[in-house]
Amino acid sequence: AFPPPISSAAMTSLKEICRGLPLNPLPENKGRRKGIPHAPVRTPNLSAQEKKLALRNALRYFPPEIQKKLALEFAEELRLYGHIYMYRFCPDIEMRAYPIGEYPCKTKSAAAIMLMIMNNLDPSVAQFPQELVTYGGNGQVFSNWAQFWLVMHYLSEMTEEQTLVMYSGHPLGLFPSHQRAPRLIITNGMVIPNYSSRDEYEKMFALGVTMYGQMTAGSYCYIGPQGIVHGTVLTVLNAGRRYLKAEDLSGKVLVTSGLGGMSGAQAKAAVIAGCVGIIAEVDEAALLKRHKQGWLMEISNNLDHCIARLRYDLKHNSHHSSSMESVINSYVNVERSVSEISVENNVQTFLLLEVHFLQPIFLLFSREARKNKIALSLGYHGNVVDLWERLVYELDTTGELLVDLGSDQTSCHNPFNGGYYPVQLGFEEGKQLLSTDPGKFRTLVQESLKRHVAAINKLADKGMFFWDYGNAFLLEAQRAGADVAKKGGNKTEFRYPSYVQHIMGDIFSLGFGPFRWVCTSGDPRDLATTDSIAMSVLEDSIRQGVSTSVKQQYHDNIRWIREAGRHSLVVGSQARILYSDQKGRVSIAVAINRAISEGKIKAPVVLSRDHHDVSGTDSPFRETSNIYDGSAFCADMAVQNFVGDSFRGATWVALHNGGGVGWGEVINGGFGLVLDGTKEAEERAKMMLSWDVSNGVARRCWSGNAFAYETICQAMKENGTLRVTLPHKVVDESILEQAVKH
């Protein structure tokens with residue numbers, strides 16, 4: 001049985017949400033709300049006939065007697081914003097993940113899906129909540145608000161003998177199925193390949209016929225920036241090991257950009273990894289959001305201040321250490337009071353106080369921090385190109401290299417529609433130009449990318465190590481004409497490696513990836529219980545014996561769980577992410593399910609993962625960039641994963657075009673699986689999670705990866721029903737040369 005409702009007011013609101021589209025009376029059209037971030041204006045360049053088609057498609061959701069009224073306002077939305085979001089139907093309810101027992105549904109599965117949808121649209125989680133964008137600048141949950149109302153209604157009516165079918169945000173309907181079938185099937189952006197271009201996408205999205213679901217936005221599995229923190233921490237730590245030969249990153253400096261959705265994890269990851277992170281962000285709202293949430297320690301729009309935070313000057317080391325504690329206490333107390341001002345007003349107010357009072361404390365604190373190797377995160381309110389070029393200036397004028405590691409997490413998969421803002425313009429100027437002259441905006445973006453890369457190249461030549469974070473930064477820079485080519489490299493290789501090629505690829509090949517779970521009770525105590533369970537499972541596995549490489553990952557996982565509890569990573573639903581392998585995922589799922597059955601956890605738990613995983617994504621410039629047998633551009637793995645998960649026990653499955661690197665560049669899929677404490681749920685988890693990992697490991701093995709070969713062979717030893725085709729290595733490479741010459 002569901003837990004009892006917590007609040008009748010919330011239940012009433014949720015009941016209203018589940019009644020279907022509110023048509024009589026129509027809700028008031030309040031338009032775009034003030035005080036929250038909004039998606040950039042889109043420029044689909046529709047013809048007059050296409051505009052009529054977009055309106056006709058939108059009006060299909062409404063009866064004829066109200067179509068005339070709605071047609072006028074929908075046409076205005078299309079003209080002003082380049083898309084019909086149907087702002088009139090944006091609900092007044094507090095959008096968040098309510099405890100599962102409050103959703104008026106006939107099945108636990110449907111209630112869990114509702115919870116996940118509302119979490120994706122929670123303003124504390126979503127990047128542009130009123131435009132139904134969760135993260136990445138254009139990662140949609142739905143295309144318009146009519147779809148939200150219909151989906152919630154269908155889910156409230158769904159039984160265990162029905163499946164809801166979703167076509168790119170549009171609920172096609174409830175169809176008869178059976179109890180072991182998925183309750184929900186999602187496809188996003190499934191466009192015929194020859195028409196899967198960006199320009200075609202802009203038109204099709206404006207017409208309301210397709211949608212870019214990113215990864216976990218359109219599959220309803222996003223868990224806030226925590227979803228990428230663990231992977232980012234692993235990336236930074238392993239970048240230090242590989243590039244700097246350092247296990248301890250204390251005193252090392254990471255420079256990067258982006259504090260929006262997924263990229264918002266970078267500040268927290270830098271601190272957990274123990275380094276100093278400076279993260280540039282052009283959008284003031286994103287900076288303030290991360291600062292308020294405690295993910296970002298400081299904000300500054302002053303490059304002089306940022307450089308002072310990095311530089312260590314020996315002549316200022318005479319401060320008595322005994323005075324340091326009082327300085328830190330002063331900093332913390334004042335920073336707390338200022339943080340409230342900065343959130344309520346803006347960065348300028350924060351900086352005014354900083355210059356007059358805080359900056360002397362900041363400078364003292366930063367010099368002592370670098371000396372004593374204290375981890376820091378600083379958000380630079382400005383364009384990252386300015387930051388990189390200032391670092392070059394410091395190198396040229398002082399000979400001092402102030403940065404050790406560099407990357408980028410702008411939404412470069414969407415560079416010409418607000419994912420990347422050119423350095424030549426301020427943020428607001430850039431938004432204006434994007435809406436009035438998208439062609440000129442594109443030109444400036446490409447010029448900016450060339451400057452961006454030129455600065456990075458100069459610093460890299462002197463010893464800074466840079467990697468691409470799978471956001472299409474190097475791909476778009478190459479298309480802009482920047483100097484990123486790798487001599488003798490193939491189509492997926494650039495002057496700098498992607499983080500998959502050098503860091504995460506081998507972790508994927510061992511079967512480790514971003515496994516996650518959500519406690520649907522909404523109770524933090526349930527999350528703490530699952531953390532304890534996961535830690536016990538991993539410790540037991542180590543005692544039973546695992547390979548050296550797997551053992552290191554398990555130790556990293558145990559450390560992560562301990563750190564996660566200390567760093568207040570929850571934003572939105574009570575969720576946890578944990579990079580785990582097949583054995584770990586199955587064992588944790590079984591243990592959590594049994595804890596639900598025994599009443600140790602009060603409500604069902606949703607299992608999921610990022611699509612950015614071992615098997616979930618075919619992406620030649622990210623997830624499969626370390627596959628060198630020519631199949632990096634093939635998408636069999638992701639499609640097979642989607643299909644295989646669906647009949648092995650997933651509660652819902654999703655398959656997307658795009659995600660991470662961008663539209664037309666990726667095929668990816670994901671799942672949700674509800675654990676409810678039953679024996680059937682345990683069997684589903686065992687079967688589905690095993691396939692969900694081994695599919696990708698087998699593919700990576702066939703491509704020639706030694707770690708994947710070792711991992712899949714071990715899996716076959718443990719499961720006699722698993723039989724995988726293993727590759728034979730060409731031992732004598734000379735026979736290839738001889739055969740070609742012949």
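Trainee: By class, how many residues in the lining of the second largest pocket are nonpolar, polar and charged?

Mentor: Before counting, note that this is a predicted model, in which local features need pLDDT of at least 70 and side-chain atom pairs count only at pLDDT 80 or more, while totals for chains, interfaces and linings use all residues. Residues are numbered from 1 along each chain as its sequence is written, and side-chain values use heavy atoms, with hydrogens and water left out. A pocket is an open set of points on a 1 Å grid over the protein atoms alone, where a 1.4 Å probe fits, with protein on both sides within 12 Å along at least five of seven lines, and lining residues have an atom within 4 Å of a point. With Ala, Val, Leu, Ile, Met, Phe, Trp, Tyr, Cys and Pro taken as nonpolar, Asp, Glu, Lys and Arg as charged, and the others, Gly among them, as polar, the lining has 11 nonpolar, 10 polar and four charged residues.

Trainee: Which element gives the most to the lining of the second largest pocket?

Mentor: The second largest pocket holds about 590 Å³ of space, and its lining of 25 residues includes Lys 583, Thr 711 and Glu 718 among those nearest its centre. Helices H20 (548–566), H21 (582–597), H23 (679–702) and H24 (706–718) each give two or more residues to this lining, helices being DSSP runs of H or I with at least four residues, numbered from the N terminus. The element that gives the most, with six residues, is H24.

Trainee: Is Gln 214 buried or exposed?

Mentor: Gln 214 is in the loop between helix H6 (198–207) and helix H7 (226–244), and its phi is positive, near 50°. Most residues other than glycine have a negative phi. Since buried means under 20% relative accessible area, exposed over 50% and partly exposed in between, with a 1.4 Å probe and protein chains only, Gln 214, at 3%, counts as buried.

Trainee: What is the relative accessible area of Tyr 220?

Mentor: Tyr 220 also lies in the loop between H6 and H7, and has a positive phi of about 65° although it is not a glycine. Tyr 220 is buried, with a relative accessible area of 1%.

Note on methods
Grid points are joined across faces, edges and corners, and a volume is the space filled by probe spheres set on the points.
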